[in-house]
Amino acid sequence: LTLPQFVQLMDNFVGEDISLPAVKRLSAFIKGEYKQTKEEKMEQLEKVHHISHMAQRKQLLEALFEKWDSSACGSLELEEVVAVLSTFEGVMGKEALMNAKEQLCSRYPHLSTVGKLSPKAFQTFLELIASKLTGNEDETIDNLVRFLTTNVEQSHTESVQSSARRKWLQDIQQAAETSGTSIEPLYKAVMRALSQDMEAHGDNKRISAYIALLEENRLSPEQGQVCLRYVACTAEDAPHVLNQVLHRDMKGVSFAAIDQGKPIYVPKVQLHGNIHFWNSDRPEEERQGSLLVLPLYDAHWRVFGILGLDTLRDQCQKSIFLTHEITFYEGVCHAFSKAYHHICMRENVLQVAVTALDWLYPRTPSIHAVTTYLVASDKDKNHALYKVITTDNTGQKEIHSSPVVLLREENLLRDYLFKCKDSSEVTLISVYGEHHIAVPLHDLSRQTLCIFDISIGQHKKLPSQEQKDLQKMLKMAQAACSEILQRSLEETQPTQVLEAERVANMRHAGILFHRSMLQELRECL
């Protein structure tokens, strides 16, 4: 138990009406009765040391990855890393490297086609190499880190450029973390990052930028099973580009970038012959410039859309994209994908919450209201909650498209919600005679992700059957949330149990709630 969890456990145990002397007697009792053997103490110390050691190693390897990823594109070329490592510790090192590479490719199947290492895959690769060499694994990793660090050189200008770019990419992630489930702030952050970089490092070229996402083509499937819908763009291009749909049978190189899984660069669009111009009023003499289309990958390296940029608005004849700009745009793609899927994950969690509440309400008439909160994942707002769903005593729900933000220091009567967030444990309290049960849904590391604030009015507890149904609902909702989070991991391949999952293709994450219910029922039979 962590400190907040221990305090919450004791708080729930003693209840609200206990006297101070009784609390002191309980405290004295626990102090006297709680004993730890030498073996238990050593085991606990070893566990703490291991956790601390692994955290330090992760931090060390992340810093190394960042140093190698000087252009901030979010991934490293596997073959470049292999080429440098092939000179580490001679023949023994080369043999260990090849064995580790083979094992890595079996763990991350995308490497055989995409060939890019994420920070997690990079860390795994170095750990695999170290495990195959003789000697202490920690010392070997330290030697690997030193060896790789000396093989990276960066000028002062490159260092300043990289630092600025990382800040803009962090702003993209920040936009996702502070916007609840709204996607618009994320689109604006991407366009702002591209604009800032062009001003600082792109000779002030005038660019147009746009994001298009793949979606099922329901209206005209004869033009292809999927199409690209343009969901965001630079302000000047909005009248011509926003909400447009590109099909496979139309001109353009976007689907080629998707199929090949690589950026496509057209230095002179006027000479290409297969470029789609959304602004049909643009004169022929102004249809000159460069075009760059980059695929957007999810955590499993599947393409889900494109980021496009062009310089048709720039009158300069040499308005081309340079290599360092293209690699930064790959970084923007990576940052956008991570942030976009973070928002999708939150939307999916809310879908689970809605489905769970729909199942619960007919079975628990004693529940007066349920308010659902998302926990702010932004480090600067670690004392904030977003109110996202309000459900009344009839089960009618109001979903807040613009979440109401609760700050801890401004909501002392709701401090029990923040205690629930801190401990990730159930919290019981009475506020003005109304009894509340605050229940967390947690992420894969047991940090609080979402909170149900359940009001049961003047009842001190729910009737026995209603309590069982509430516990069942919470168990199934947690299982569904864990599945959603598990699916977002790079090395996890999703499994499908219900036919409805294949049909919905995760458009309705609430299906996972019913799937968890079905799986438990199967286990009971």
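**Exercise 1.** Is Phe6 buried, partly exposed or exposed?

*Solution.* Start with the model: it is predicted, so local features need pLDDT of at least 70, side-chain atom pairs count only at pLDDT 80 or more, and totals for chains, interfaces and linings use all residues. Residues are numbered from 1 along each chain as its sequence is written, and side-chain values use heavy atoms, with hydrogens and water left out. Next, take the classes: buried means under 20% relative accessible area, exposed over 50%, and partly exposed in between (1.4 Å probe, protein chains only). Phe6 has a relative accessible area of 37%, so Phe6 is partly exposed.

**Exercise 2.** Describe the salt bridge between Lys58 and Glu62.

*Solution.* First, the criterion: a side-chain nitrogen of Lys or Arg lies within 4 Å of a carboxyl oxygen of Asp or Glu. For Lys58 and Glu62, the closest N and O atoms are 2.8 Å apart. Then look at the sequence: the two are four residues apart in helix H3 (residues 38–68), which means about one helical turn separates them. Here helices are DSSP runs (H or I, at least four residues) and strands likewise (E, at least two), numbered from the N terminus. Finally, Lys58 is partly exposed at 41%, and Glu62 is partly exposed at 37%.

**Exercise 3.** Which parts of the chain does the salt bridge of Lys397 and Asp358 tie together?

*Solution.* Begin with the contact, which is 2.4 Å from N to O. Lys397 lies in strand E11 (residues 397–407) and Asp358 in helix H12 (residues 323–360), so the pair ties together parts 39 residues apart in sequence.
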